[in-house]
Amino acid sequence: MEVEGMEDEGSSSQSELPHSEDLQSVQQESLHLDGSAPVENMYVDKKAVDKLTEGFLTHYLPDLQNSKRALQELTQNQLVLLDTLDQEVTKFRECNALLDLNSLFTEAKAYHNKLVNIRKEMIMLHEKTTKLKKRALKLQQQKQKEALEKEQQREKELERERQLNAKPAKRT
């Protein structure tokens, strides 16, 4: 649904594009996909870029912020657990003669399992965040490619129209 709205906005922004004579006077930057192969110069509509950026941010930013908060909470919990584990180790050393060693090892194992679970959860969240970032980059590259293809098609159509215009024959 958002794509259709963007296409409608894109068609209105194309009518605002300068003519090909004006495009020659405008400085253009070369875009590089994959960082190696240069792409032909093209005009990028600032409004479209702004709207795409805004849409991208509104779509992905909340998820990324939630992931960040979850990671911070997990890190804080891990620090608390590490502190607790350090305290337990200290207690174990101080009360070694008084306490049952088996119960302390059982408790340490439980904390270790909790830490392992938190670590797994953190790794999973990191992987999800990485996948989201990769997906966002792919979508951005795809949009850029589509915009370039539209511009090239429009240029081809303009050139074809120029060639099809009847030229009067010179009389001798």
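Is L57 buried, partly exposed or exposed, and why? I began my notes on this predicted model with that residue. L57 has 40% relative accessibility, so I put it down as partly exposed; the cut-offs are under 20% for buried and over 50% for exposed. I found L57 in helix α3.

**Entry: the surface patch**

Together with F56 and L61, L57 makes a nonpolar patch of about 240 Å². I checked F56 as well: its relative accessibility is 34%, so F56 too is partly exposed.

**Entry: the aromatic pair**

I found one aromatic pair in the structure. The ring centres of F56 and Y60 are 5.1 Å apart and the planes meet at 50°, so I noted the pair as tilted. Both residues sit in helix α3, which spans residues 46-94, and they are four residues apart, about one turn of the helix. I looked up the burial of Y60 next: with 5% relative accessibility, Y60 is buried.

**Entry: the nonpolar core**

Which residues make up the largest nonpolar core? I listed six: L74, L81, Y111, L115, I118 and L125. Two elements, α3 and α4 (101-164), each give two or more residues to this core. I noted that α4 supplies the largest share, four residues. As a general reminder to myself, nonpolar side chains tend to be buried together in soluble globular proteins.

**Entry: around Y111**

Note on methods:
Residues are numbered from 1 along each chain as its sequence is written. This is a predicted model: local features need pLDDT of at least 70, side-chain atom pairs count only at pLDDT 80 or more; totals for chains, interfaces and linings use all residues. Side-chain values use heavy atoms; hydrogens and water are left out. Rings of Phe, Tyr and Trp (its six-membered ring) pair if their centres lie within 6.5 Å; planes under 30 degrees apart count as stacked, over 60 as edge-to-face and the rest as tilted. Buried means under 20% relative accessible area, exposed over 50%, partly exposed in between (1.4 Å probe, protein chains only). Patches are made of residues with over 30% relative accessible area and no salt bridge: like charges are joined within 9 Å, nonpolar side chains (Val, Leu, Ile, Met, Phe, Trp, Tyr) within 5 Å. Accessible areas come from the Shrake-Rupley method with a 1.4 Å probe; for residues, only the protein chains shown count as cover. A salt bridge is a side-chain nitrogen of Lys or Arg within 4 Å of a carboxyl oxygen of Asp or Glu. A nonpolar core is a set of buried Ala, Val, Leu, Ile, Met, Phe, Trp, Tyr and Cys residues joined through side-chain atoms within 4.5 Å.
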